[in-house]
Amino acid sequence: MAEVKCEKAKKCGGCQYQGIPYKEQLKKKQKNVQGLLGKFGKVQPIMGMEDPFYYRNKVHAVFDRDKKGNVISGIYEANSHHVVAVEKCFIEDEKSQEIIRTIRDIAKSFKIKIYDEDTGYGLLRHVLIRRGFQTGEIMVVLVLASPILPSKNNFVKYLRQAHPEITTVVINVNDRHTSMVLGEREIPVYGPGYIKDVLCGCTFRISPKSFYQVNPVQTEKLYQTAVNFAGLTGKETVIDAYCGIGTIGLVAARYAGKVIGIELNKDAVRDARVNARENNIKNAEFCQGDAGEFMVSMAQSGQKADVLFMDPPRAGSDKKFLSSVIRQKPEKIVYISCNPVTLKRDLEYLTGHGFQVRKTQPVDMFPFTDDVETVVWLSKGVADSKKIRGEFSL
Ligand code: SAH
């Protein structure tokens, strides 16, 4: 496999495994997961990528000016607000990077002022691009400090002429002094305001603020593993907690009796409902709210799921959620995690309260970084009183 050398690796800090051969990267991740989760049982060999480059379907660039006043686009230097200009990244989608370079090169001629974080003057703060790898659809999100983009129509026209693959352009207004990239308000200026992509045979609509896995090639392996672990027979009531746009639940729905998805982000829930409809899936419903609260009310009303998929953010789950899982006692839990440290903490709790780890499968979703995704299958087991009860230190 070809070695690459990124000149910006040190300053960017995004790729901790820069310069390490891919096979070695996989070994390191395996060791990491083994070290953290090995005590729960055997860890399966990590699923790697055949071609670990340009895998990210979501590309974010922050805009700034260099000392000479030229427009630059890139990323924040690690732990700072200094922008490192990035000409080429080896893990981000190439087409999306091309579009960002075009925007950088034409900003001045369209009189688009670049936002200055210190003074709060200027307009263009970030550009976010998402590409559906299966559909080819591309969404360009221009994050602006105010809703007015000068010569908007000509700008969009130029951009589409240069890159006919663009299917939608959205202005996102972020007028706050914040490190959050996206603001609340969105104005679609071209196309429907979302893109579609296909995973495991289902079509998904993705809005700018909805979560969508960044490595679609590996996501299919991840979801396949999760659904296999669930071992569905067509009768089960399944919960898809932290469901985003409903991906896991909808992929599982064809093998289950009924799916209930729960998600905090309103836009993602709207996408999930549309996704169920568009895929003609009639046995799935989606609720908006906190997953913990939802599980508590479900446990209180005596309802019970047979299988629980849970895919929380990096911080992992919380006591509210897990304690009601213990009360409900589903037959199976399939825990999908992007952070083995919080996964370990949550597994300690679950295995200390009557669940057993049956299988642990790491998946490399983020080559060149030290992040690793893991799917764990747990089933109801005999509680072992000698086991330490995992406690939260949140
Ligand atoms: N399973 C989805 C999304 C996983 S990312 C997929 O594979 O695409 C985690 C999701 O949890 C995000 O969509 C985030 O908005 C959501 N989330 C974060 N905190 C939450 C909470 N307390 N309750 C419900 N959902 C939450």
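Reply: A term comes first: a polar contact is a pair of N or O atoms within 3.5 Å; within protein, one must be able to donate a hydrogen and the other to accept it, and residues adjacent in sequence count only if both atoms are side-chain atoms. By that rule, a polar backbone atom of Y242 lies 3.1 Å from a nitrogen atom of the ligand.

The model is predicted: local features need pLDDT of at least 70, side-chain atom pairs count only at pLDDT 80 or more, and totals for chains, interfaces and linings use all residues. Residues are numbered from 1 along each chain as its sequence is written, and side-chain values use heavy atoms, with hydrogens and water left out.

A polar side-chain atom of Y223 is 2.6 Å from a ligand oxygen atom. For D290, a polar side-chain atom is 2.7 Å from a ligand nitrogen atom. The ligand alone exposes 570 Å², and the protein buries 86% of that (Shrake-Rupley method, 1.4 Å probe; for residues, only the protein chains shown count as cover).

Now the shell. It has 16 residues, and the closest are Y223, E263, D290, A291 and D311 (a residue is near a molecule or strand if one of its heavy atoms lies within 4 Å of it). The shell divides into eight nonpolar, five polar and three charged residues. Here Ala, Val, Leu, Ile, Met, Phe, Trp, Tyr, Cys and Pro count as nonpolar, Asp, Glu, Lys and Arg as charged, and the others, Gly among them, as polar.

Helices (H or I, at least four residues) and strands (E, at least two) are DSSP runs, numbered from the N terminus. Helix α5 covers residues 216–230. Its 15 residues should span 21 Å at 1.5 Å a residue, and its end C-alpha atoms are 21 Å apart, which agrees. The expected span is 1.5 Å times one less than the number of residues.

Y223 is among the buried residues of α5, as are L222 and F229. Buried means under 20% relative accessible area, exposed over 50%, partly exposed in between (1.4 Å probe, protein chains only). The buried residues of α5 pack against β8 (195–199), α6 (247–253), β13 (307–310), β14, β15 and β16. Contact means heavy atoms within 4.5 Å. Just after α5, G231 takes a positive phi of about 50°.

Strand β15 holds V357. At 15% relative accessibility, V357 counts as buried.
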